[in-house]
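Here's a quick look at a ligand site and a surface patch. Have the model open while you read.

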Amino acid sequence: MHITPSAFHRTPFPQEPLSTASATGTSYWQDAWRRLQNNKLAIAGLIFILLITLAAIAGPHFSGYSYADQNLPEANQPPSSMHWFGTDNLGRDLMTRVLYGARISLSIGIAASLINLTVGVLYGGIAGYAGGRIDNIMMRIVDILYGIPLLLYVILLMVVLGPGLLNIFLALGLVYWLGMARIVRGQILTIKKQEYVLAARLTGASSARILLRHLIPNSIGPILITTTLAIPEAIFTEAFLSFIGLGVSAPMASWGVLASEGVVSLRSYPFQLLYPALAISITMLSFNFLGDGLRDSLDPRMRK
Amino acid sequence: MNTTILSVDRLSKFFVLNRTFLGNAAATVKAVDTVSFSIFPGETLGLVGETGCGKSTLARTIAGLYSPTEGKVLFKGQNIHCDHGKETNMLFKRQIQMIFQDPYSSLNPRMTIHDIIEEPLNIHKLAKGKEKEARISSLLLQVGLNPEYGSRFPHECSGGQRQRVGIARALAVSPELIVCDEPISALDVSIQAQIINLLEQLQTELRLTYLFIAHDLSMVRHISTRVAVMYLGSLVELASTEELYSHPLHPYTQALLSAIPIPDPAIESHRKRILLPGDIPSPLDPPSGCKFHSRCHYAMPICQKSPPELTATDLNHYTACHLVK
Amino acid sequence: MPVLLDVQNLSVIFHTYAGTVRAVNNVSFTVNQGKIIGIVGESGCGKSATAQAIMGILPQPPAEMISGGIYLDAAELTALSEKELQHIRGKKMSMIFQDPMTALNPVLTIGLQIAEMFMHHQHLAYKDALLQAEKALYSVDIPAPKARLEQYPHQLSGGMRQRVMIAMALACQPKLIIADEPTTALDVTIQAQIIDLLRSKNQKLGTSIILISHDLGVIASLCQRVLVMYAGEIIEAAPAADLYRLPAHPYTYGLLQSVPRPDRKNHGLLSIAGQPPNLLKISSGCSFGPRCSYSMEICRQKPPLLSVGEQHATRCWLAHTDSPHRQMLLQGGLLIK
Ligand SMILES: Nc1ncnc2c1ncn2[C@@H]1O[C@H](COP(=O)(O)OP(=O)(O)OP(=O)(O)O)[C@@H](O)[C@H]1O
Ligand SMILES: Nc1ncnc2c1ncn2[C@@H]1O[C@H](COP(=O)(O)OP(=O)(O)OP(=O)(O)O)[C@@H](O)[C@H]1O
Ligand code: SF4
Ligand SMILES: [Mg+2]
Ligand SMILES: [Mg+2]
């Protein structure tokens, strides 16, 4: 290598530009969304959930049949161009009934997430933020309730309240927020000790400001994940209750009811079980994939 | 110089831990145990001590984040833990600020740098609109950051840059006393000097007073006017920096100073160390009498019985040891 | 002096979500028998990755060793199978970590964990191994070693755990110990105890030690030879005495100037400007260039390792034989400026 003396002249080294590509205002949520997009299963789950929601809203209007109209001559028909999913033993169009079932299942899911978001988040948030004795009493109650499987409570409640859609909402509402309360409280307790919360208290920030600006925005990740994972659980609970006869009553058709009807004629008309069962499993899988995907993309420990 | 800006009077802070299963028999951590000292305007008081000796607890009690178990903290003669009405309380919050150790947990990850610095301005309604934006930019410049950084999130900044943001947030309310709780110990060596230089420069520009906490005795020597040494919740020695480093009187201070490795092999090769035996006792069950007696080479019978008081051995030199009277 | 460990052209990369991290770049050095050699550098400069590559414990994936030869007692370690390596680890070389809690099994007693070393490498019976374990604990000055055998790691203090780690590392009298920041998590008074222990083991047993630290003081108090790492490269290698007296790289010089001395009054700290390097995109020239206040035109090319004295080399163009600044460097000009 030939080196000329001028090579040793002092000159400033070329600097990296200030705003490098990696550091131009990508927020936490943009980052998380990018990671979620890389997760094929979660995206598939999300797409399916959107599709089934659309179908549940619009589908029954377009299928040309009503979920309750009986048509005995066409009973127990296998899938055809007239009835894509076939018909049941009273000649009702199965696809309409499955889509109608989706309405019930999804509204149960939405109800469960609303309960989680209100009761669960508030209960856990208050316990965590207040701390000390209040926290102790509130969480002991949750611990006691949590000791027994939730499904058992719901079954007992349904036996007392009697079947029906409203009663399912009620039964779920009474117990389905326990897990969320625990998670939110844990989050708030850890975040409360973070130095940025101390710094805010030091400047004289009010409790409301600390909750709204610091505690809640930083617990949204886990809250979102828990909500997403609570939906399939609620959907399954409803299906299970309807399956054993404690859920919604005829002629309303939830997936659990359809499945239990399908089981009766499993030998001769297996498709009557197949479609509702598929609907239940794919929906639950979708929510679970999405929830897991959210966990991976939102969990701070997975970051960078 | 004789009027103190802050005086700490027989301050104690105990934490009660429910350790047993039923939560009844409680154990108490005496994190800060009857500590008294004063800080003078414009000085830097260094506070050193090993892990768990109560430095952060003392710092947070002084800043008003913890209420003391006993004793009081007077800021310009007024007890900061008493209720003086909303306005005066808020005034205290402006005058004492803190810089934290962990540049990763001291900034809210969901807020931009701009919003982080804006928050204290909003809380105290110090500025509005254009004026506020100008203030934020000038604060960023003051701590050596390009105002463009305002749009970044904390995770897009390096450790040193985050620490600068923490400093800017503390400066936003124009405090007089800043409690720095190990502001450099989480930073890289080459960045530590940057932050120390910045703190020194800000001190002269804004006439700040610092309580500077660290376990790095070299850095404390560099930045402090006076130094206090803490062991298991108590002050064992307090003196002007030169005095403390050249004539340490307490056996613990002596051991601490001899334990720091000097970055010079020529000196290290023939240096004699005072090695302390054993470990730091648990703060749940500190030794009786002088808390240091279990590791002290000079321990006498009296050391196990009565705790020595912090007494002046010289003008501006206080020691808590039965050997030094 | 016979060479114990010879590392040649070691390069390690990490495949990460954000891209390829070039953690170790063409690192070569040797360790002589019975010597203590220090590796100093800031967080993320590749010290641990170097140590892990030597021990053969790089987490693969994400890590990948893309080049390099590692010779222990002239035996090529990279050619060995995992099984053969396991045999060498513990017996011929062993490692001490910064956080002993991650290296000790929390559900097994200290006694059992040390005894296992003897059972595995020296094929002792459990009883004899336990006796050896007690001796091992005694040799690292742990009080009441017999009682400690029954204890679990969490029942010991940080300093005690580090002593247990040292006892385990020394159990089979290896020729080489790699200590990766062994005192970083400890308090100064406990750190002094551990430094003292390492030094006395080196003197008594003749064990070579690679000491990794970011604390220039700790390195100065133990090491005979020092390697300075920056952005995955060795940028200066020198006998300890020369490195601290006549640093020949602007980074080393800056590092020395940015730590205050505990033993004398300090006037003004010099700090290195800029930010630590980003190993995701290393500049094609001198890796310290963006922060260097001496930079020259030629610095946009990668500087080779240039000799500036006996056993003393620096990766800086200032030291090139054609450089007009070489004399300044050799005479400690960096210090005067
Ligand atoms: N909120 C708390 N509840 C219970 N104990 C606490 C609490 N905060 C601190 N302690 C205890 O008080 C003692 C002093 O803690 P402190 O954090 O003040 O020490 P420190 O000197 O700052 O240590 P470090 O150098 O590790 O920061 C420790 O034993 C600690 O376990
Ligand atoms: N498991 C891993 N996955 C991805 N990147 C890694 C991994 N381990 C290390 N790295 C990267 O490799 C580089 C070198 O890391 P290394 O652990 O060797 O640094 P170090 O010098 O030991 O730093 P420290 O002083 O913090 O221990 C760093 O930039 C780090 O980000
Ligand atoms: S090679 Fe050039 S840029 Fe690199 S350290 Fe030397 S003078 Fe500085
Ligand atoms: Mg602390
Ligand atoms: Mg490391």
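In this predicted model, α1(B) gives the largest share of the shell around ligand 1, with 3 residues. Helices (H or I, at least four residues) and strands (E, at least two) are DSSP runs, numbered from the N terminus. In chain B, β1 (6–18), β2 (26–39) and α1 (55–63) each put at least two residues into that shell. By type, the shell splits into 6 nonpolar, 5 polar and 3 charged residues.

Of the 14 residues around ligand 1, B:Gly52, B:Gly54, B:Lys55, B:Ser56 and B:Thr57 come nearest; a residue counts as near if one of its heavy atoms lies within 4 Å. Here are some polar contacts, meaning pairs of N or O atoms within 3.5 Å:

| Residue | Its atom | Distance to an oxygen atom of ligand 1 |
|---|---|---|
| B:Gly52 | polar backbone atom | 2.9 Å |
| B:Ser56 | polar side-chain atom | 2.6 Å |
| B:Glu182 | side-chain N or O atom | 3.2 Å |

Taken alone, ligand 1 exposes 630 Å², and the protein buries 67% of that. Accessible areas come from the Shrake-Rupley method with a 1.4 Å probe.

Over to chain A: helix α9 (residues 207–243) supplies 4 residues, the largest share of a nonpolar patch. A:Ile216 sits in this helix and counts as partly exposed because its relative accessibility is 35% (buried is under 20%, exposed over 50%, partly exposed in between).

Residues are numbered from 1 along each chain as its sequence is written, with chains lettered from A and ligands numbered from 1 in the order written. Since this is a predicted model, local features need pLDDT of at least 70 and side-chain atom pairs pLDDT 80 or more, while totals for chains, interfaces and linings use all residues; side-chain values use heavy atoms, without hydrogens and water.

Key. Buried means under 20% relative accessible area, exposed over 50%, partly exposed in between (1.4 Å probe, protein chains only). A polar contact is a pair of N or O atoms within 3.5 Å; within protein, one must be able to donate a hydrogen and the other to accept it, and residues adjacent in sequence count only if both atoms are side-chain atoms. Ala, Val, Leu, Ile, Met, Phe, Trp, Tyr, Cys and Pro count as nonpolar, Asp, Glu, Lys and Arg as charged, and the others, Gly among them, as polar.
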